[in-house]
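Work through these exercises on charged side-chain pairs. Each task is followed by a stepwise solution.

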Amino acid sequence: MSTSDPKRELLRHTVATLAYRGGKAVRNAPAGFAEFCARESGRTPGRILAHIDDVLDWALSIAEGKQRWKDSAPLPWDREVERFFAALKSLDDYLASEEPLHVPVEKLFQGPIADALSHVGQIAMLRRIAGGPIRGENYYVADVATGRVGPEQAAPKKEFD
């Protein structure tokens, strides 16, 4: 499904990019990674992922014109990963619909979407620190497709050693 609004389509592509990059960061995480703590006062990857999921739920509520925030306790890693992809799908479904956006696209991008992208980078960095790094990749050539927001993502085209 596609909308006629190019800004909305760009935001949908950004959500698909978040699914691609986030999927790579959370996929095949080492055992115990959700509780890994790089520093005593730092957030664990499980808490960061729960926050990302809360941010995505918040983004949808903003788009719907019913802004609401909820701080969720982290679920077990696999369930939190499922929640991540479910939240992406709900947001993308709304963006793909004819339902009105109740805020400018730019506000959704600069707030919750940019925040979620930043936190995905934190998870990727923590993977490396925890001894379970993900491979670097040329994301410019990655097969990111608008609407592909689930756990099944295209294989990387050019990873780095």
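**Exercise 1.** Find how E9 and R12 are placed in helix α1.

Solution. Helix α1 covers residues 6-26. Helices here are DSSP runs of H or I, at least four residues, numbered from the N terminus. E9 and R12 are 3 residues apart in α1, so about one helical turn separates them. The two form a salt bridge, with the closest N and O atoms 3.6 Å apart. A salt bridge needs a side-chain nitrogen of Lys or Arg within 4 Å of a carboxyl oxygen of Asp or Glu.

The model is predicted: local features need pLDDT of at least 70, side-chain atom pairs count only at pLDDT 80 or more, and totals for chains, interfaces and linings use all residues. Residues are numbered from 1 along each chain as its sequence is written, and side-chain values use heavy atoms, leaving out hydrogens and water.

**Exercise 2.** Which partner does R12 have in helix α3?

Solution. R12 also bridges to D92, at 2.8 Å between the closest N and O atoms. R12 lies in α1 and D92 in α3 (residues 77-96), 80 residues apart. D92, at 3%, is buried.

**Exercise 3.** Classify K24 and E159 as buried or partly exposed.

Solution. K24 has a relative accessible area of 9%: buried. E159 has 29% relative accessibility: partly exposed.

Technical notes:
Helix = DSSP H or I, 4+ residues; strand = E, 2+ residues; numbered from the N terminus. Buried < 20%, exposed > 50% of the residue type's maximum accessible area, 1.4 Å probe, protein only.
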